[in-house]
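Here are my notes on this one, written as numbered points. Have the structure open while you read, and look each spot up as we get to it.

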Amino acid sequence: MISIFDVIGPVMIGPSSSHTAGAARLGKMARAIFGEPITKAVMTLYGSFAKTYKGHGTDKALVGGLLGFDADDARLKDSFAEANKKKMDIFFLESSEDMGHPNVVKFDLYNGDDSHKTIVGRSLGGGLIMITEIDGFPVEVTGEDYAIMSLHNDQPGVVAGVSGLLGEENINISSMRVFRKRRHSDAVMMVSTDGPIDQATLQKIEAVPGVKRVMYFEPV
Amino acid sequence: MDYSYETIEDILRLCQEEKLTFDQVVLRNEMNQFERTEEDVLAEIDRRLDVFEESVKEGLAIDSHTPSGMSGKQAKQLEAHVPLLLGKLAYKAMTYSIAVNEANAKMSRIVACPTAGSCGILPGTLLALAEERELSRDALRKAFLIAAGIGAVVTERACVAGAVGGCQAEVGTAAAMTAGAVVGLLGGNERQIAQAVALCFKNLLGLVCDPVAGLVEVPCVKRNGFYSVHAITAAEMALAGIKSQIPADEVIEAMNRIGRSLPAALRETSDGGLATTVTGKAIAEHVRNL
């Protein structure tokens, strides 16, 4: 059953849960995934985001999120000035390309010339979000709970290895999905857990035979 | 003891069987479901009531327009005007509700109740009533619980998003939550609270969501003012003992059916209604070129 605080809530910066609160969360999630100082951010907006972002403050909310502000942080309004202070260059592009959803943003985040990541996400309404792509790889990260995403070889034992390690650490899995490009090729596992996963466990997961890469997400 | 409810009727039954008030049922269920103490739930309610108060203040202080030019300064203008027609309470509720939605449009902090587009009605009306009748914080907490219980039923049984059910789902739910809460605040019993919900909802069915330029401003901001008065009207009727021929749960069901049969153009897509008027389209063009 729904909590009364989801009925009268969330506390948020207006005007729109999808175009403002969701945008701030997308920015915050992108910041966490990038995991490095952001010197330049190029945001491409699609659909309704592209058409209405200035009126909804979607641009300010996205930048606020990149600065680490929450969806109820009064500083969202002034995020451009904050970005300027932090020497983060920000650019917005509008695209008419159909991304299959009305509220989509693509972040191109840079740390000087050293690193660059492309992160695509959508705002689902009511402040809910989903990151759908990281550097061209399809993902489904909602920022609602703790989650790991691993890239592995499609071979027997990988799923058991990862879930076994989580079990040993007494971390409960709330949902799990495994998909692959084709047999014996690249596969992806998305695991959501009820609690955080520490660095040591993540390293052990990375060492499971067949696992190539592990990404860890915390709720935003 | 299980205090969970799916319908307004469930809440009424629990009130009767357990000799509890409407707000007590909602409070006990929240404590049970989420394993929280009473103190903890009430403290969180207080934090939201604080934001209610701040958002009214912020809205009344706004002295510039939004980037679209469609809203801003209207609450201030209303506060400066001496009401010629409306009573003091209705006028203040209308003004405060508009203030909160103007604060929302200006990127201030608000509480979605149940959505951002309908965030003014509940806080505006409750705080106006609290001022006019010198009600305590504790009374406001009870009103919050009554409103939340009503909103929870609508969320679970129907819809509260304009994109799903039109404005009747957003502003309609906000008004029904408010009507019930006002009845509770003025000493009405749980049956009268349910009547207020039915009367309020019944008389706004079919309200569409057609925001100009896709923004939460026109008609949303002023509409919050209008429907705070509508909520008070429903509460007044319920307190006078007026009964709805159709019970609250069935009205909510009707709202849901109507909402889902509305054309997509009138469900937050800005492809119809006010959004596609000559002026509406000109404003949308202006917003695109900002």
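1. Thr52(A), for instance, sits in helix α3 of chain A. Please also keep in mind that this is a predicted model.

2. Let's stay with Thr52(A) for a moment. Is Thr52(A) buried or exposed? Its relative accessible area is 7%, and the cut-off for buried is under 20%, so Thr52(A) counts as buried. Leaving out residues up to four places away in sequence, Thr52(A) touches His19(A) in its own chain, plus Ala213(B), Gly214(B) and Leu215(B) from chain B. His19(A) is 33 residues away from Thr52(A) in sequence, yet their C-alpha atoms are 8.5 Å apart in space.

3. Now the rest of that helix. α3(A) covers residues 47–56, and its buried residues include Phe49(A), Ala50(A), Tyr53(A) and His56(A). When you look down a helix, remember that an α-helix has 3.6 residues a turn, so residues three or four places apart point the same way. Just past the end of α3(A) comes Gly57(A), with a positive phi of about 65°.

4. Next, find strand β2 of chain A, residues 40–46. Why call this strand largely enclosed by the rest of the structure? Because six of its seven residues are buried. β2(A) has a partner in β3(A), residues 89–95: the two run parallel and are joined by seven bridges. Within that pair, Val42(A) stands opposite Phe91(A). β2(A) also pairs with β4(A), residues 103–111, this time in the antiparallel sense, over seven bridges. There, Met43(A) faces Phe107(A).

5. On to where the two chains meet. The size of an interface is often given as the accessible area lost when the parts come together. For chain B and chain A that comes to about 3,000 Å², with 65% of it on carbon and sulfur atoms. Three residues, Arg48(B), Met107(B) and Arg109(B), supply 23% of what chain B buries against chain A, more than any other three. The contact involves 43 residues of chain B and 29 residues of chain A.

6. Which parts of chain B do the touching? Six elements each supply at least two residues: α2, α3, α5, β1, α7 and α13 of chain B. The biggest giver is α7(B), with eight residues. By type, this side of chain B divides into 28 nonpolar, seven polar and eight charged residues. How many salt bridges are counted between the chains? The count is zero. Polar contacts do turn up, though, with 13 residue pairs found across the interface.

7. β1 of chain A, residues 11–13, pairs with β1(B) in the antiparallel sense over three bridges. Met12(A) has Ile110(B) as its bridge partner.

8. Some backbone spots deserve a second look. Most residues other than glycine have a negative phi, and most peptide bonds are trans. The bond from Gly14(A) to Pro15(A) is cis, with omega near 5°, and Pro15(A) is in the loop between β1 and α2 of chain A. The bond from Val218(B) to Pro219(B) is cis as well, with omega near 5°; Pro219(B) lies in the loop between α10 and α11 of chain B.

9. Then check the phi angles of two glutamates. Glu35(B) has a positive phi near 50° and is in the loop between α2 and α3 of chain B. With 75% relative accessibility, Glu35(B) counts as exposed. Glu134(B) also has a positive phi near 50°, and its place is the loop between α6 and α7 of chain B. Glu134(B) counts as exposed too, at 73%.

10. Last stop: Val221(B), in helix α11 of chain B. At 1% relative accessibility, Val221(B) counts as buried. Its contacts beyond four places in sequence include Ser71(B), Ile98(B), Asn101(B) and Val216(B). Asn101(B) is 120 residues from Val221(B) in sequence but 5.3 Å away in space, C-alpha to C-alpha.

Methods:
Residues are numbered from 1 along each chain as its sequence is written. Chains are lettered from A and ligands numbered from 1 in the order in which they are written. This is a predicted model: local features need pLDDT of at least 70, side-chain atom pairs count only at pLDDT 80 or more; totals for chains, interfaces and linings use all residues. Side-chain values use heavy atoms; hydrogens and water are left out. Buried means under 20% relative accessible area, exposed over 50%, partly exposed in between (1.4 Å probe, protein chains only). Helices (H or I, at least four residues) and strands (E, at least two) are DSSP runs, numbered from the N terminus. Two strands pair if DSSP finds at least two bridges between them. Contact means heavy atoms within 4.5 Å. Buried area is the accessible area (1.4 Å probe) that two parts lose on being put together, summed over both. A salt bridge is a side-chain nitrogen of Lys or Arg within 4 Å of a carboxyl oxygen of Asp or Glu. A polar contact is a pair of N or O atoms within 3.5 Å; within protein, one must be able to donate a hydrogen and the other to accept it, and residues adjacent in sequence count only if both atoms are side-chain atoms. Ala, Val, Leu, Ile, Met, Phe, Trp, Tyr, Cys and Pro count as nonpolar, Asp, Glu, Lys and Arg as charged, and the others, Gly among them, as polar.
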